[in-house]
Amino acid sequence: MAEANRYRSLQVWGGRIVLGAVILGLWELTSGTLFNSFWISKPSLIIERIFEMVERGTLWFHVSATLQVAVVGLVIGMIAGTLIGIGLAYSGIFERWVYPYIMALYSLPRVSLAPLFIVWFGIGMTSKVLMVVAMVIFVAFYNAFEGIRNIDRDLLDMMKTYKASRLQKLSWVIFPSITVWVLTSLRLNIGMALIGAVIAELVGASRGLGYYITYSSGMLDTTGIFTGLFLIMMIAVIMEQVVVQLERRLLKYR
Amino acid sequence: MMMKRQEKLQIDQLTVRYTTRETSTTALEGVDLHVGEGEFVSVVGPSGCGKSTLLKVASGLLKPAAGEARLDGRVINGVTGEVGMVFQNDALLPWKTVFDNVRLPLAVKGLSRSDQATEVRRLLAMVGLSEFEDFYPKQLSGGMKKRVALARTFAYDPDLYLMDEPFGPLDAQTRVKIGEEFLKIWEKVGKSVLFITHDIEEAIALSDRVVVMSSRPGRIKAEFEVNLERPRPFYEIRFDSRFKELQRQIWNCMAEDEQKGGV
């Protein structure tokens with residue numbers, strides 16, 4: 001059994017690595033031969049650029065700015081959205097009044113809010129974090145809301161017949177029930193948070209990966225653009241792995 | 001005025017309606033039912049006859065439209081904390097281990113940690129699950145989950161057990177086995193039970209009295225005293241001639257209803 005599992009995971013990872021190598025290899029080979037490397041750059045150039053940035057100390061300078069905005073916004077948005085979702089699920093008729101407005105706001109392309117936030121708060125940290133929050137909060141809200149609505153009625157009835165206090169209901173049934181939903185929203189929101197952070201930096205900033213991408217674009221430096229994109233991707237992958245580990249811990253009963 | 005014997009649960013002229021936007025369905029109408037101290041009463045009837053609704057009223061989870069339910073002579077108004085429900089689907093917390101699931105009612109009651117642990121271990125030994133205290137419900141078979149749910153209810157130690165087709169989802173063999181174990185433990189505990197089932201044999205084998213309900217709206221149709229001695233062998237009792245006779249009577253009583261209803 002364990003032997004078969006190990007073989008299976010070897011097969012999966014082997015396939016992934018080979019696929020990645022083939023794609024990067026094709027890119028490397030066709031760039032400069034089939035296509036002009038000015039437009040599509042090259043994996044080797046990107047790696048070279050990353051080393052250059054490390055040497056000059058600009059890598060961490062940009063990465064940390066984006067990471068900070070994304071993580072702070074993600075945390076604030078997740079907490080606020082989840083609390084609003086829980087609160088609204090228990091608010092009775094109030095929920096029916098508010099819900100259509102929330103959905104209307106959700107349908108807004110939140111990217112277009114970036115200029116507004118800059119007018120309000122300038123191009124500092126605040127407007128960028130707010131942008132991330134705007135991206136993240138809806139998914140967090142919706143998942144928490146649905147999570148509450150999907151709690152098994154029998155479990156709540158059972159707690160009721162035991163005369164459990166509100167706090168006991170929260171800790172034994174409600175929080176564990178919505179954990180699955182909150183983790184799902186956290187996972188979806190990693191991407192959203194990075195989009196928010198990068199967009200805010202594209203609109204107005206003097207550091208961060210979004211800024212680095214616009215700056216490179218202004219210099220017609222495609223390698224710079226691809227480097228920025230690659231770094232954003234790496235951040236997303238690492239953050240997602242953190243959530244996967246968290247899921248493994250919290251959902252081991254499944 | 002006549003002095004009435006104090007009943008554990010006394011239900012008088014109970015009517016329950018479910019109202020949705022368009023329709024109002026009468027789930028129960030004019031139901032009279034009582035469960036004496038230490039008595040085991042089963043309710044049998046076709047599905048959709050409001051058997052579960054009856055339990056919800058008795059537990060205080062549902063308010064009746066008319067009539068009333070009394071527990072120890074006091075009108076049930078909201079959850080009383082003296083009844084223990086056993087649900088058809090066990091209602092175990094999937095994110096808690098067997099140990100913690102059984103510990104739940106003890107923690108709610110506010111017992112000390114060490115008292116909780118001692119009591120949980122005692123109950124798990126009683127239902128034969130000592131080896132499984134660190135397992136999650138998902139890792140257990142249907143019969144084992146049922147044992148955990150029963151152990152949890154025994155941990156709560158209510159005055160009145162309300163059981164909603166608790167053995168329904170089990171396969172025939174497990175059903176008999178769990179039923180037998182439950183009967184043995186119950187005969188020691190001796191608390192009042194209101195037991196809902198659609199299995200006539202199970203009802204007779206367990207009960208002191210079997211109540212037959214008709215459907216739409218749910219009414220009490222007939223009552224049968226089960227005069228079989230206790231402790232009784234849960235399985236072998238089925239071959240007793242008195243059992244057979246009772247089974248035939250209850251069956252006929254229920255079949256009548258179906259013909260009339262044309263189902």
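**Figure 1. Lining of the second largest cavity, in chain B of the predicted model.** The residues that line the second largest cavity divide by class into five nonpolar, no polar and two charged. They are Val127(B), Arg147(B), Leu150(B), Ile178(B), Glu181(B), Phe182(B) and Ile185(B), and two or more of these lining residues come from each of α4 and α5 (172–189) of chain B. The greatest contribution to this lining is that of α5(B), which gives four residues. The volume of the second largest cavity is about 30 Å³, and a search of the whole structure, which is a predicted model, finds two cavities of 30 Å³ or more.

**Figure 2. Lining of the largest cavity, in chain A.** The largest cavity, with a volume of about 50 Å³, is lined by Ala114(A), Phe117(A), Ile118(A), Ser127(A), Lys128(A), Met131(A), Ala200(A) and Gly204(A). At least two residues of this lining are supplied by each of α6 (114–121) and α7 (125–149) of chain A. Sorted by class, the lining of the largest cavity consists of five nonpolar residues, two polar residues and one charged residue.

**Figure 3. The largest pocket, lined by residues of chains A and B.** The volume of the largest pocket is about 470 Å³. Its lining comprises 24 residues, of which Asp152(A), Leu155(A), Leu92(B), Pro94(B) and Trp95(B) are the closest to the centre of the pocket. Helix α9 (166–203) of chain A and helix α4 (142–156) of chain B each supply at least two lining residues, and α9(A) gives the most, with four residues. In terms of class, the lining of the largest pocket has 13 nonpolar, five polar and six charged residues.

**Figure 4. Helices and overall form of chain A.** The secondary structure of chain A comprises 11 helices and zero strands. Its radius of gyration is 23 Å, well over the 18 Å that the globule rule gives for 254 residues, so chain A is more spread out than a compact globule. Taken along the principal axes, the box filled by the C-alpha atoms of chain A is roughly 75 × 60 × 30 Å. Of the 254 residues of chain A, 41% count as buried, and among contacts in this chain between residues at least 6 apart in sequence, 74% join residues at least 24 apart.

**Figure 5. The two assigned domains of chain A.** The domain assignment of chain A gives domain 1 as residues 1–30 and domain 2 as residues 42–250. Between the C-alpha centres of domain 1 and domain 2 of chain A, the distance is 30 Å.

Key. Residues are numbered from 1 along each chain as its sequence is written. Chains are lettered from A and ligands numbered from 1 in the order in which they are written. This is a predicted model: local features need pLDDT of at least 70, side-chain atom pairs count only at pLDDT 80 or more; totals for chains, interfaces and linings use all residues. Side-chain values use heavy atoms; hydrogens and water are left out. On a 1 Å grid over the protein atoms alone, a cavity is a set of points where a 1.4 Å probe fits but cannot get out, and a pocket is an open set with protein on both sides within 12 Å along at least five of seven lines; lining residues have an atom within 4 Å of a point. Grid points are joined across faces, edges and corners, and a volume is the space filled by probe spheres set on the points. Ala, Val, Leu, Ile, Met, Phe, Trp, Tyr, Cys and Pro count as nonpolar, Asp, Glu, Lys and Arg as charged, and the others, Gly among them, as polar. Domain bounds come from an automatic or database domain assignment. The radius of gyration is taken over C-alpha atoms; the globule rule is 2.2 Å times the number of residues to the power 0.38. Buried means under 20% relative accessible area, exposed over 50%, partly exposed in between (1.4 Å probe, protein chains only). Contact means heavy atoms within 4.5 Å.
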